[in-house]
Amino acid sequence: MEVAKYGSVAGIPVYRLEDCVGGSPFFIGKMKGCEQAVEKLGIPHRHNGYSIDILIKGTIRQSIDFKQYEVSAPAIMLMEPDQVHQHEMETETEMINIYFSPDFLIPEMQGVVSCWRCVFSSGLIPLNEEQMDEVMSYASLITKEYDSNKLRRDAVIRNLLNAFVIACGRISEPSSGWLNAENSQYNMARQFKVLVDKHYHEKPQVADYAEMLFVTPGHLNDTVKGLLGRNAKYVIDEKRIMEAKRLLYWGEHSIKQIAGRLNFEDDAYFNRFFKKHTGLTPASFQKTTREKYN
């Protein structure tokens, strides 16, 4: 698949799936380390959708959100939208790439597994032979449907992809509570997470999201904590801190510019907020992580 850049977020290139495959919100295909397109993946970038990479053969070195990994087959690598990453693949490496937009799975299907986005927080799932066979069976069915021109092709792919994500969740965390949570709880947590991803720059308070969801802040906090193990305020702050870390590590921005982008009152308040959550000032974090990973 040829990746196409449609812009950047704070100077970091963003690759848009729809520009690469004729406007489609879904793609599956095989990539080898010797292909020319792999060179573009060596540049720090983001995707506007979700990605699942099934490592079939060889080894891949990747940096995701300022952490470095070396992954050997068989394994699954999962990433959410906006995670900054880069890959280095050996020439003999082979993997299956699955990309889809945040809207590709409709809400009714997302509700089959509570907080299916939580699967992507695992990042890396090593596989044994039996698990690899299960994963490849799904990949084979999805590929066959993707390559066809049959009626309701996308609907079939959505169902298969949803089942595949559930299977990944079972492999990653077989006893996780979010696999069995009630739909009403899940739906609120899912909507909250979607809203945070969209508005975290300008809406830092739980009350902002409770108002949009037509519930009290206390009820939202209890629901989110019961499902995710973290209260709603923590989720909002975590998102803001993660974006700050990405910009500090990957970008060339002043503390003041980052504070402004994340809608802090001033850079002094941003410094206090960042240190409270990480134990480091923004400048110290930037220096420490760049020395560690470069």
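Phe27 has a relative accessibility of 11%, so it counts as buried. Keep in mind that this is a predicted model. Phe27 is a handy way in, since it pairs with Tyr146 in an edge-to-face arrangement.

**Aromatic pairs**

- Twelve aromatic pairs turn up in the structure.
- In one of them, Phe26 and Tyr146 have ring centres 5.7 Å apart and planes at 65 degrees, which makes the pair edge-to-face.
- Phe26 sits in strand S3 (residues 26-32) and Tyr146 in helix H3 (residues 129-146), so this pair ties together parts 120 residues apart in sequence.
- Both Phe26 and Tyr146 are buried; for Tyr146 the relative accessible area is 15%, and the cut-off for buried is under 20%.
- Phe27 pairs with Tyr146 as well, at 6.1 Å centre to centre and with 85 degrees between the planes.
- That pair also links distant parts of the chain, with Phe27 in strand S3 and Tyr146 in helix H3, 119 residues apart.
- Elsewhere, one aromatic cluster is made up of Phe264, Tyr269, Phe270, Phe273, Phe274 and Phe285.

- Five bridges join S6 (residues 59-64) to S9 in the antiparallel sense.
- If you want a spot to look at, Ser63 has Gln86 in S9 as its bridge partner.

**Helix H8**

- H8 covers residues 232-250, which is 19 residues, and spans 27 Å from first C-alpha to last, close to the 27 Å expected at 1.5 Å a residue.
- Of those 19 residues, 14 are buried, so H8 is largely enclosed by the rest of the structure.
- The N-terminal end of H8 is capped by Asn231, with a side-chain oxygen 3.3 Å from the backbone nitrogen of Lys233.

**Pro217 in helix H7**

- Pro217 belongs to helix H7 (residues 217-228).
- Its relative accessible area is 37%, so Pro217 is partly exposed.
- Setting aside neighbours within four places in sequence, Pro217 is in contact with Val206, Ala207 and Ala210.
- Pro217 and Ala232 are 15 residues apart in sequence, with 8.6 Å between their C-alpha atoms.

Technical notes
Residues are numbered from 1 along each chain as its sequence is written. This is a predicted model: local features need pLDDT of at least 70, side-chain atom pairs count only at pLDDT 80 or more; totals for chains, interfaces and linings use all residues. Side-chain values use heavy atoms; hydrogens and water are left out. Helices (H or I, at least four residues) and strands (E, at least two) are DSSP runs, numbered from the N terminus. The expected span of a helix is 1.5 Å times one less than its number of residues. Buried means under 20% relative accessible area, exposed over 50%, partly exposed in between (1.4 Å probe, protein chains only). A polar contact is a pair of N or O atoms within 3.5 Å; within protein, one must be able to donate a hydrogen and the other to accept it, and residues adjacent in sequence count only if both atoms are side-chain atoms. Two strands pair if DSSP finds at least two bridges between them. Contact means heavy atoms within 4.5 Å. Rings of Phe, Tyr and Trp (its six-membered ring) pair if their centres lie within 6.5 Å; planes under 30 degrees apart count as stacked, over 60 as edge-to-face and the rest as tilted.
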